[in-house]
Amino acid sequence: MKREAPDSPNSPDQGISMPKKPKTALVHDRTNGTLSSRTGLTPQKSTAFANNLNPSKLRTPTRKSQAKSLFSTPRGNSGEGDRGSRTKNADQSAKRKSALVLFEQSEDEFWDGADRLAEEILEEESDASTNHEEEGEEIVTTGARGTRAPTDATDTPRHRPGRPKGSKNRRSPTPEGELPPHERYFFQNRAGPPQTSNYSLSRVSLLTHEEYFENRARYHDPHLEEKDFLLELHRRSFPQWNFEFSEQFNICLYGYGSKRRLVLEFADWLHDRYAPSPPTIVVVNGYKPNLSIRSIFATIVGAILGSDTPSKLGAQPTEVLEFLQSAVRSRRSQSRVMVLIHSIDAPPLRRMAHQALLARLAATPSIHLLATADTPNFSLMWDLTLRDQFNFAFHDCTTFAAYEAEWTVVDEVHQLFGRRGHRINGRDGVGFVLKSLPENARSLYRILLIELLSAAGGLAGSDDEDAGENAVRREEGGARREAVIEFRTLYQKASEEFIASSEMMFRTLLKEFHDHQMITSRMDASGAEILGVPLSREEMEGVLEDLVMN
Amino acid sequence: MDATESEGGLGNAGVYVYQSRKPANVQRGRSSKKRKVVQSQNDASLLFVPLLDGKEDAGLVKLRYATFQKLWLKHEERIRNILQDIDSRIFEDLASFVNTASLTAGRIPTALVTIGSNVSCLTRLLERLASDKAKAVVVVLDSGDAPSLKTALKNIIRTAITNAEGTEQYQKILNDRAGPRLLPYDLNILHEYVRKKDTRRLVIAFQDSEAFDQTLLNDLLSLIRYGGWTALCNASVTSLNPSSSWLDRIPFVLLFGIATSSELFETSLPQSTASLIQGRCFEMHDVGGSIDRIYESFQTGPDVKLWLGHRPSSFLFQKSRDYFQSPEGFACQVKYAYMSHFFANSLSVLLSDDISTASPSRAELCQAVRNLPSFRCFCERLLEIDRHNEVHDLLEDDAHLFKETIRMLNSGQCRMGNLFQAVKAILILQTHLKMSKTNNISTLSVRALAGDLRASATVKEILAEMKKLDSESLQLLLSQIRKELGHCDVFQELQKELASFLKTEKVTGSLRSKHGNNSHYIMKTSTVRRANLGKASTGLSGKDLRYSDLLDRLHATLEKFFTTMLINPQDLFLNEIFLFDLKNPLKDTFTPRVRFAIERALSTPFDYLMPMSDEVEGHLSAGQPPTAILYQLYLESGSLVNTYDLWKAFYTIIGGEETGDERLTFTLFYQALSELKALGMVKSNRRRIDHISKSAWKGL
């Protein structure tokens, strides 16, 4: 972790945990806040530093700072002294290096502080003139780009939609120019500390399901017309698909965007086309997590045989499939069966065994398979044999449609953020589960919540005192501080209250919570088991309230 | 929108049977009943759409479909025959092995079939074996069918019985049995069945033997060999009484499909298991040959009407070289080419035999012919030779144009046939002249179709070699060509000419050509060579010289033959009708560039979303769909991404600060991020909080 010296002039020294670091961040935040509230600018260290080097650029710091806020956020910049001194650095002893770094760091900060102050003053003084200058520049550039030009001359140029001009090359971790893909890969995966900022999502409050859907409903898609046009283009190939089906091809649709609507429209189309005696159409929602392969086959059997379906089909998917195949064979004259599978590459169907069964289904004559695939690498699922059995004709059906049914956006994103807890069910869900649990389980959860809340109460108090809470938290090991309780403690409390007489029983109760993801458990450094609840403080309070009330 | 409403109920189920979402359908159904359109599902009017802006005559649409069906059926038949022919030798070997394998030797008779890349071949063989008259029951076992020994046995028993008797019978045998009920994996069931039916052989085919669990195979083999469940439980297999073996009660023959090599397969089995089987190896042929033969049947068959141009041909061969491919897969792709042609080319109806008798309105069709690029070229050529009236007629008179079209179409098809005659001739000449570099039919065809064989080195070399032949080998060669090409006039004439020459000259031995280098003599020693060089021309008799004259004439004829035959198909009038020369339908359908499509959609969304307004912005702009914006930001980031930074950047680009609706933008951010996750481009990172790691790089 502790690096002795920055390995390149550009590489910032954030890796070295400096005692003054938090303070820097704090100072920085404050300036940031005040400035941006006034002008919408976010002058930052490097800007200041650059200004320091080239005073002539002082006039137009905006472009830079805008750019700055683009991607990664600021850090202390390395000192002037070590620019281009790599060879010198390498020759120095570790001790000297660290001493140098320490020295430079503080000097840097000093400079920074002074600089920022100077900049602030300058900004205030030359606010009007700077803005005017910028206005001119802005008009030229925007005129060239064909976007709207500012109408109000006194209006401060703010972040406008789109990427600030020229910022791309300067700020992004990707160097200028078009790199070939492999070069880009190596560049982005180069050694060294990750070049990301220390900000965390605690600065924004995450969305809940309700808020997400509320906002989603409010959103007006600017590309509605274009997307409809795209859909219309795809719709024109319906007869072609139908013909391909009739010639024993199966169809696989790929491309970006949800193809659900398109496929369902195809079903409508087929239905209308063969109006008096439409073919049997079975729709499979491949993305449904509880989907079983057997149920697909069973549904198809049911669709073919109608009331003749035997009551017992066998538990193995293979058996059902074979029964299905023999049923199809014996009813050759019967109309064909269309099986439309949404997202054949979704996790529930992704397994090789499932794909093999689906391939056998697809190879059955008079069963036609239309599958959609969303991921870029789905064709890796099929080997030579499966590919032959599927006999797919592929069509690019990029729709740009939002994936609304395929997955739950909020859950997915929270999982990505590592906030699993927020998902499941929140307060209502937990309450619901608790209602169905026996009395002593409820009591146990109540105790757990009380303990956690009292622990959290202490935490929150100490946190509030420190304005630079982010930095403090980061120093304490990364994870957001969550109220937790040790397993032992909770067990003691529980036995004191006569909830669980043995550890066995106690664990049984916890297991129930675990199954519903109402608690989290992990081992801490000493190996002791730590329990927590994946709810926010407010939610915990709410649940506790409900528990006590009932 | 009623669509979204009714989806609510059904969309939640995993699988459901589609019901029409439109209540208005009842009425529609009635009206269509009134029109009495109760037809079979494969009716042409339902499968083919009228082309020419929808103005195509319904009769012609039907005819187009019928032509396709007829043409394709013929090809299908031919392909089946070819495949059967190719397989026949190995099939006979295999069948005789299965039928004669001795079951008493104490070892399980086993066929080890090395299939290599030719996966579909084994399936074909097994199908034939099962349908063979011999009383062999074939059970095909896939590695997926055998997760455990019990399931494997159950599947073997069930498949063996249901294949012959059907599912009901199987249930009956299982349930209506006198005595104690047996478990579905008890081989006694199979034993009784085999005894009752007097099955001579029971073949268990392991299709992908490498994929089977080794221990399971082991158990299965020892069970068959030594019998009894106890054998498995006790593990002391050898001490068991061999009389409990299933082998002498059920006539098992095993068949392993091996993709690697039989040696590798043997080493993967433990010694004890390997000693249980008595194996025999069968080697499958390579796919390449059968593909060439299928292609040949498409292009040079007796009544071919539609040819594949050089673009689809080279694509098909490229693909079969680059990927493992079954002959069926290859045929399917050619079929797709045929399908595309007849589906989308309204003029393809002219390939029908019944087009002249079918008398629907031809105005549209003729207009379509006039729009062909080759029609234009044709007219220009007519104008060059001052046949203005002809052109005038073609442009004005539909009946004349139609007659002319049919005539030219036939002549064009004829010339295509000739082209492939010439290709065949080249192929034969090449092998007979023992040329240094021989091309196979696929390369030759592709080059011929591209029109660059006429002036190629191959043809020149052949002609040069021809000149050097002596009379005997020339005679042999010509008779050979005649045998293989049959009715080709040029070679027939050449042969006649040669025969009469030899007759009149009363030649007994072989005559030498003056162009011949007589390599036998020359290569011996340098001194001899020097001497012979002088002699080479002088040592020729008068007969030899006259023969050389004849050779020169033959050479000229042959040269003319090649120049007239090896035309460029693209120059022919109406080539759009009898030549399918589009690569993209095949390429897009069979080698999709999935990842590229997604990357393109996200990095340059306006390729797909045709902007309705003229505001086109090159790079990142708020006008793009949110996911595209996020994706492009993601492309620029390092391998580790801070989500907060990403969000801020996204917010800036969307211009949220102007609209001030941060939560709405955040919602879009959520949506975009979830899509990136589902596309497998980001995954969560455990080590750093609120960071995600990148897992896909564009263009790699």
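Why does B:S674 count as buried? In this predicted model, B:S674 has a relative accessibility of 1%, and a residue is classed as buried under 20%; B:S674 therefore counts as buried. The residue is found in helix α33 of chain B, which comprises residues 662-678. When residues up to four places away in sequence are not counted, B:S674 touches A:W407, A:V409, A:E412 and A:V413 of chain A. Within chain B, the C-alpha atoms of B:S674 and B:T627 lie 9.2 Å apart in space, although these residues are 47 residues apart in sequence.

In chain A, helix α10 is formed by twelve residues, 224-235. At 1.5 Å a residue, this helix should span 16 Å, and the distance of 16 Å between its end C-alpha atoms agrees with that expectation. Its buried residues are A:E226, A:K227, A:L230, A:L231 and A:H234. Because these residues fall within an arc of 140° when α10(A) is seen down its axis, they line one face of the helix. The packing partners of the buried residues of α10(A) are helix α11 (238-246), helix α12 (260-273) and strand β5, each in chain A.

Strand β5(A), which spans residues 392-396, is itself mostly covered, with four of its five residues buried. It pairs with strand β1 (residues 250-254) of chain A in the parallel sense, and five bridges connect the two strands. Within this part of the structure, A:L253 has A:H395 of β5(A) as its bridge partner.

Methods:
Residues numbered from 1 in each chain as written. Chains lettered and ligands numbered in written order. Predicted model: local features only at pLDDT ≥ 70, side-chain atom pairs only at ≥ 80, totals over all residues. Heavy atoms only, no water. Buried < 20%, exposed > 50% of the residue type's maximum accessible area, 1.4 Å probe, protein only. Pairing = 2+ DSSP bridges. Contact = heavy atoms within 4.5 Å. Expected span 1.5 Å × (residues − 1). Arc of directions from axis to C-beta.
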